[in-house]
Each structure stands twice: as structure tokens, then as C-alpha cells.
Amino acid sequence: MHNITKIGHLTDIHYSYPENITIKQLMSKRLYGYIFWKLSKGKRFDFSMLKEIKEDIKKEQLDHIVVTGDLTQLCLPEEFYKVKTFLQSLHSQENISIIPGNHDFYVSEGKKHFYKEFQLQYPFVKIINNCALIGVNSAVVTPPVVSYGYLTQSQIKKLQEITERLDNRYFNILLIHHPPINGITFWNKALINTKEIIKILKTGIINLVLYGHIHRFSIRYFFSINGKIPVISASPLAYTLRKHNQIGGYNIYEINRANNKWRLIIKRKTYNFQTKSFDVETFDFFIFS
Ligand SMILES: [Fe+2]
């Protein structure tokens with residue numbers, strides 16, 4: 001078993017490729033998303049950064065990469081294809097775990113394109129060295145302006161069964177697009193059924209929660225019977241905003257077990273447009289028994 005597992009966390013790529021969009025494709029919520037992208041949101045993303053990001057990720061020699069949703073902007077087939085090609089350039093397919101976000105299911109047709117490119121079922125469990133990754137799908141098709149999420153009852157039931165089987169031989173990481181605890185985002189963007197997730201987190205079997213959706217870096221804590229669980233989001237991968245917690249980039253988690261305790265080190269890597277390199281911020285490590 002490896003001593004240290006290095007996991008990269010990418011989120012909210014919002015890969016946009018509306019060049020060939022048809023009138024038929026626009027006759028939906030996509031029209032709202034298209035106008036918003038052209039007028040405002042698109043200015044916050046710069047996909048030319050992806051080249052540098054790719055080189056940096058390659059250098060890091062990550063064991064695994066997780067992508068916590070919103071791979072695309074308008075869930076167009078070309079967007080899925082292009083973002084898949086980018087992800088394939090980062091690591092082998094079995095070493096990338098993907099969950100969808102609300103933009104990947106922006107209209108119901110998006111589900112078909114998502115599952116065509118990424119053959120996945122939710123929830124899933126993947127063992128990576130000393131870690132267990134548990135991925136759920138909180139993305140649902142919503143009307144314009146709102147982007148709430150929901151976990152179906154069948155997913156909740158399966159997730160409960162999975163967590164009952166997990167044990168602390170592994171460092172258990174939950175992947176979800178929407179923030180799984182209350183108070184992080186507005187009601188119209190929140191996960192509707194946080195109650196069920198909170199019930200699972202309270203048992204203390206999950207050691208770390210990774211999510212996206214809020215478009216900023218954040219570390220919060222949830223207090224379980226086994227102590228505090230970090231609940232962490234990353235900035236959108238190719239974001240150009242300069243406000244500290246919104247600078248584009250990705251996170252790396254280094255996890256190892258020594259003397260019957262888990263140690264987690266968080267590295268936030270942000271792209272510096274002036275130096276054309278990455279700044280690194282390392283956060284206090286956490287010890288779990
Ligand atoms: Fe989202």
C-alpha cells in the first residue's frame with residue numbers, strides 16, 4: 001500500500017463551445033445560459049489556462065483526479081467531447097472520477113450526452129490506495145435562474161448501504177457537486193435534501209467531503225461523533241477572477257496513515273497570470289484517529 005495518496009480536485013470547468021449551437025438547441029433553457037455566457041459569465045473563464053494546468057498536473061504525478069461537476073456550460077455534445085479529451089490528457093481513464101453538476105444536466109438532453117462520454121453509475125465506490133472515493137449525483141434539470149440539487153431516494157438508500165459497509169481501514173471521501181451542508185449557498189442553489197447527507201456524515205464514517213458549484217475555494221467543518229470533517233470546495237479550474245478565494249486553479253490532497261492516525265495536507269494551487277505559473281497555499285494538516 002502507498003504511504004501517501006495524492007488526489008487532485010478539479011471542479012466547475014464549464015467548458016463552453018457554443019460556436020456550432022443550433023436554433024433548435026437554443027430553444028430551451030440554453031438560450032438563457034447562452035446569453036448570460038456571452039454577456040457576462042464567459043468573461044470570467046479563460047480556457048487558454050488549460051494548457052498550463054495540464055502541464056502542472058502532469059508534474060504533480062497525482063494518484064487520482066476527481067472532478068466535482070459542471071464539466072460543461074450548456075451540456076452540448078461538443079462541450080462534453082472537448083472536456084473529455086482534456087481530462088484524458090491529464091490521466092488515464094481509470095484514474096479520473098467524475099460526477100455531474102447542474103450545468104451538465106442544464107436541459108434533460110444533457111444526461112444523454114454526459115452518459116455517452118462518461119459511462120458511470122451513481123453512487124459509486126472506488127478504492128485508490130488507502131482511500132475510498134464515494135461519488136454521488138446531485139444534478140437535476142432545473143428551470144432558469146435556479147440551480148438546486150437533489151439526491152434521489154434510491155441514491156440515498158444505496159449511499160447508506162455503502163457507508164454501512166465502509167470501515168476506517170480507508171480514508172473515506174464523499175464527492176458531490178452541491179454543498180452537502182446548509183449555510184454555504186443561497187436557497188435557490190442549494191441541495192434540497194441535505195438532511196439525509198447530514199445523517200450519514202454524523203456517523204463519522206466519511207473523513208472528507210469534496211464539492212464544487214459555489215465557484216470559490218472554501219474549507220468548512222462538519223462535526224461528527226468522530227470529530228471534525230473538512231468540507232472543501234475548489235475554485236473553478238479556469239477562472240480569471242482575482243478575488244483571493246475565487247482565483248482559478250485546483251486543490252491537491254495528500255493523505256497518509258501513520259501511528260493509527262490519518263493525516264491530510266491540503267494544497268491549493270492557483271494560476272498566477274503575471275508569472276504564468278502556479279502559486280501554492282498549504283493549509284494546516286488535519287489528524288483523524
Ligand atoms: Fe454548479
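Asp56 counts as buried, because its relative accessibility is 9% (buried means under 20% relative accessible area, exposed over 50%, partly exposed in between, with a 1.4 Å probe and protein chains only). Asp56 sits in helix H3, residues 49–60, and leaving aside neighbours within four places in sequence, Asp56 is in contact with Tyr250, Lys269 and Phe278 (contact means heavy atoms within 4.5 Å). Keep in mind that this is a predicted model, where local features need pLDDT of at least 70 and side-chain atom pairs count only at pLDDT 80 or more, while totals for chains, interfaces and linings use all residues. Numbering runs from 1 along each chain as its sequence is written, and side-chain values use heavy atoms, with hydrogens and water left out.

**The chain as a whole**

- For 289 residues, a compact globule would have a radius of gyration near 19 Å, and the chain agrees with its 18 Å; the radius is taken over C-alpha atoms, and the globule rule is 2.2 Å times the number of residues to the power 0.38.
- Along the principal axes, the C-alpha atoms fill a box of roughly 60 × 45 × 35 Å.
- Of the 289 residues in the chain, 57% are buried.
- Take the contacts between residues at least 6 apart in sequence: 69% of them join residues at least 24 apart.

**Surface and charge**

- The chain has an accessible surface of about 13,200 Å², and carbon and sulfur atoms account for 53% of that; areas come from the Shrake-Rupley method with a 1.4 Å probe, and for residues only the protein chains shown count as cover.
- There are 38 positive and 23 negative charges, and their mean positions are 4 Å apart.
- In that tally Lys and Arg count as positive and Asp and Glu as negative, with His and the chain ends not counted; each charge is placed at NZ of Lys, CZ of Arg, CG of Asp or CD of Glu.

**Nonpolar cores**

- The largest nonpolar core has 57 residues, and those with the most contacts inside it are Leu10, Val67, Leu87, Phe171, Ile173, Ile255 and Leu264; a nonpolar core is a set of buried Ala, Val, Leu, Ile, Met, Phe, Trp, Tyr and Cys residues joined through side-chain atoms within 4.5 Å.
- Apart from that core lies another, of 26 residues, and Ile134, Ile156, Ile197 and Phe222 are among them.
- Leu87, leaving aside neighbours within four places in sequence, is in contact with Leu10, Ile13, Val67, Leu71, Ile96, Ile98 and Phe118.
- Ile255 is found in strand S10, residues 249–258, and is buried, with a relative accessible area of 0%.
- With neighbours within four places set aside, the contacts of Ile255 include Asn3, Ile4, Thr5, Ile7, Phe171, Ile173, Trp262 and Leu264.
- Ile255 and Thr72 are 183 residues apart along the chain, and their C-alpha atoms are separated by 29 Å.

- Ile265 belongs to strand S11, residues 261–272, and counts as buried because its relative accessibility is 18%.
- Beyond neighbours within four places in sequence, Ile265 is in contact with Ile252, Tyr253, Glu254, Thr282, Phe283 and Phe285.
- Glu117 lies in helix H5 and is buried, at a relative accessible area of 9%.
- Setting aside neighbours within four places, Glu117 is in contact with Phe80, Tyr81 and Lys84.
- From Glu117 to Leu159 it's 42 residues in sequence and 24 Å in space, C-alpha to C-alpha.

- Tyr122 and Pro123 are joined by a cis peptide bond, with omega about -5°.
- Pro123 is placed in the loop between helix H5 (109–117) and strand S4 (124–128).
- Asn129 isn't a glycine, yet has a positive phi of about 55°; Asn129 is in the loop between S4 and strand S5 (131–135) and is partly exposed, with a relative accessible area of 21%.
- Val145 isn't a glycine either, and has a positive phi of about 75°; Val145 is in the loop between S5 and helix H6 (153–165) and counts as exposed, at 54% relative accessibility.

Technical notes: Helices (H or I, at least four residues) and strands (E, at least two) are DSSP runs, numbered from the N terminus.
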